Amino acid sequence: MRPNNALIHRRTALTRLAALPVVATTPFLASCAGPQVQQYAQEKPQLDLRTYFNGTIDAWGVFTDRSGQVVKRFTVVMDCSWNGDEGVLDEAFVYSDGTTQRRIWKLKAGPNGTYTGRADDVVGEASGQVSGNAFRWGYTLALPVDGRVWYVDFDDWMYLMDDRVMLNKATMSKWGVTLGEVTLSFTRRTPLAAKSGGCA
């Protein structure tokens, strides 16, 4: 049987896509299978996204492919601020291969712990919800690959650990196929307990 050239091209593109320097600090993926964010409603400490993402935050992370191999390591410095229900998260990435990236999120808080957000490389609007110590965030990212644009889905979970640290794990998929995972650790430069509200 002769190989299907289109299928070979698709597999090659997916392999290259899995090696791209992309992060999540990720439409919202509400699946019946797997955990739902409401299951964490009683978990402590309670996460207030506007309080945590306010000021300067440092992050360290890795991107792993489908086999679990670390493909990229990176650091992030986030400058975050809020004006009422509207927030700006300015993320500056530095990758282990020397490349850099910048993403500016514009977030809006809604009712019942819901949030929406936009960024230049996000398709449409991201959406998510906070419950207890957890935040689930879903979005589609437009990524240039070999002269084409690929639309990749992110299912992004964050868990507040204490007054400084939050852990983040995001699954990256295309056509329902998992391409890899992104794992990060966020650390606030100013502990939440030492912050008295308002802008940092």
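This is a predicted model: local features need pLDDT of at least 70, side-chain atom pairs count only at pLDDT 80 or more; totals for chains, interfaces and linings use all residues.
Start with the overall fold. Ten strands make a closed barrel, in the order E1-E2-E3-E4-E5-E6-E7-E8-E9-E10. The pairing is antiparallel. From one strand to the next, the twist averages 25°. Strands of a sheet pair through backbone hydrogen bonds, either parallel or antiparallel.

Now look at where E1 meets E10. Strand E1 covers residues 55–65, and strand E10 covers residues 177–188. The two run antiparallel and are joined by nine bridges.

Strand E9 spans residues 165–174, and ten bridges join E9 to E10 in the antiparallel sense. Lys174 has Val177 as its bridge partner in E10. E9 and E10 form a hairpin, with two residues between them. Trp175 sits in that turn and has a positive phi of about 55°.

Move on to E3 and E4. Strand E3 takes in residues 86–95, and strand E4 takes in residues 100–109. They pair over nine bridges, again antiparallel. Val88 stands opposite Lys106 in E4.

Finish at strand E7, residues 134–145, which contains Pro144. Is Pro144 buried or exposed? Exposed means over 50% relative accessible area. Pro144 has a relative accessible area of 62%, so Pro144 is exposed. Asp121 is 23 residues away from Pro144 in sequence. In space, the C-alpha atoms of Pro144 and Asp121 are 9.9 Å apart.

Note on methods:
Residues are numbered from 1 along each chain as its sequence is written. Side-chain values use heavy atoms; hydrogens and water are left out. Two strands pair if DSSP finds at least two bridges between them. Helices (H or I, at least four residues) and strands (E, at least two) are DSSP runs, numbered from the N terminus. Axes are lines fitted to C-alpha atoms, for helices over the stretch in contact, and angles run from 0 to 180 degrees between N-to-C directions. Buried means under 20% relative accessible area, exposed over 50%, partly exposed in between (1.4 Å probe, protein chains only).
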